[in-house]
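Work through the exercises below with the sequence and the model at hand. Each task is followed by a solution in steps.

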Amino acid sequence: MVPKPEEINLLTGESATQQIEAEKQTNALDEPVSHWRSRLTLNVMVEDFVFDGSSLPADVHRYMKMVQLGKTVHYLPILFIDQLSNRVKDLMVINRSTTELPLTVSYDKISLGKLRFWIHMQDAVYSLQQFGFSEKDADEVKGIFVDTNLYFLALTFFVAAFHLLFDFLAFKNDISFWKKKRSMIGMSTKLWKVKKALKMTIKWQGLRPKMQFGTYSDSEKKTEEYDTQAMKYLSYLLYPLCIGGAGYSLLNVKYKSWYSWLINSFVNGVYAFGFLFMLPQLFVNYKMKSVAHLPWKAFTYKAFNTFIDDIFAFIITMPTSHRLACFRDDVVFLVYLYQR
């Protein structure tokens, strides 16, 4: 397969592993090279089972080896080679300087139910590759089942159903809130993204009544003043934080290319903006000494989903920055509760 590009320090050119320049040219990114699977996982089915000989399940049958001794037919213990455990991250590139290759052989027993489940999962991953899924995409599907405990995986599907329910309830209450809303007093326009809607008429095709922003009350003027003041203070923190973080990662973190560093810096900037754009509403609440203007029902359902996302952050493998982004909403919501 085509090898993964090596991560290097973009400024110094120092690589994570020292390789000869000629080998780097040989292992060009557009040329497939030989790889070595460093793990071999064997499972033997030890559970007694009884099937009708004329209707033996095909998934079990193809793993059975029959031996006839006289008039009696015996079957050997079922050996299952676990292909799902062979991840792309475990592959090692074979080059000219390779003299030894490590091999870890794992052996364990397996029950009939788990055997049939793993067989179906392997067939499903193989089908994905036949439909055009790349090796990387198929490997991510493998990771869902290999890196996650099966009980946690079942919990994930169960919790995801509640996540969908709370999403629906939050959306329903959000629509109801804006339908009854007559002014933007106490509402951060940065949070609700309607700053440019001032002095305009907004209409959501029957879902939301006309809202006239042509005239300002004293409370609305104060709200806009506090909102602008909060963003001014946050900008003093936001821009140095994003630029400093990008510079630090460029000096100390290894990347595959300049494009990879640029995308990573932009993503971290999006996470920072997403967090700081929730903070002006806290400042407006503090100055107005009131939280009565907030859509508390929608907030509550969104908070439930935030806690569910925290569970997913522990269960599912994801980048550290995204995992931290799941917990940032908890901090903001707890401050909202304190203000209430």
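Predicted model: local features only at pLDDT ≥ 70, side-chain atom pairs only at ≥ 80, totals over all residues.

## Exercise 1: An open sheet

Task. In what order do the three strands of the open sheet stand, and which helix packs on the sheet?

Solution. 
- Step 1. The order is β5-β2-β7, with mixed pairing. Two strands pair if DSSP finds at least two bridges between them.
- Step 2. The edges are β5 (79-81) and β7 (104-110); each has a single partner strand, so one side of each has no neighbour in the sheet.
- Step 3. On average, neighbouring strands of this sheet are turned by 25 degrees against each other, direction ignored. Axes are lines fitted to C-alpha atoms, for helices over the stretch in contact, and angles run from 0 to 180 degrees between N-to-C directions.
- Step 4. Strand β2 (residues 39-45) and β5 run antiparallel and are joined by three bridges. L42 has I81 in β5 as its bridge partner.
- Step 5. Helix α3 (residues 112-130) packs on the sheet and touches β2, β5 and β7; the direction of α3 makes about 35 degrees with that of β5.

## Exercise 2: A hairpin

Task. How many bridges join β3 to β4, and which residue of the hairpin takes a positive phi?

Solution. 
- Step 1. Strand β3 (residues 66-69) and strand β4 (residues 72-75) run antiparallel, joined by four bridges.
- Step 2. V67 has H74 in β4 as its bridge partner.
- Step 3. Two residues lie between the strands of this hairpin, and G70 takes a positive phi near 70 degrees.

## Exercise 3: Aromatic rings

Solution. 
- Step 1. The structure holds seven aromatic pairs. One of them is F162 with F166, a tilted pair at 6.4 Å centre to centre and 40 degrees between the planes. Rings of Phe, Tyr and Trp (its six-membered ring) pair if their centres lie within 6.5 Å; planes under 30 degrees apart count as stacked, over 60 as edge-to-face and the rest as tilted.
- Step 2. F162 and F166 are four residues apart in helix α5 (residues 150-180), so about one helical turn separates them.
- Step 3. F162 is partly exposed, with a relative accessible area of 38%, whereas F166 counts as buried at 16% relative accessibility.

## Exercise 4: K289

Task. Where is K289 found, and what is the distance from K289 to the ring centre of Y286?

Solution. 
- Step 1. The loop between α9 (279-288) and α10 (296-315) holds K289.
- Step 2. K289 counts as exposed, at 62% relative accessibility. Its phi is near 55 degrees, a positive value in a residue other than glycine.
- Step 3. K289 lies over the face of Y286, 4.1 Å from the ring centre. A charge sits over a ring if NZ of Lys or CZ of Arg is within 6 Å of the ring centre and within 35 degrees of the ring normal.

## Exercise 5: M1

Task. Which residues does M1 touch, not counting residues up to four places away in sequence?

Solution. 
- Step 1. M1 lies in the segment before α1 (21-26), and M1 counts as partly exposed at 38% relative accessibility.
- Step 2. With residues up to four places away in sequence not counted, M1 touches P32, V33, H35, V88, L91 and E135.
- Step 3. M1 and E31 are 30 residues apart in sequence and 8.1 Å apart in space, C-alpha to C-alpha.

Conventions
Residues numbered from 1 in each chain as written. Heavy atoms only, no water. Buried < 20%, exposed > 50% of the residue type's maximum accessible area, 1.4 Å probe, protein only. Contact = heavy atoms within 4.5 Å.
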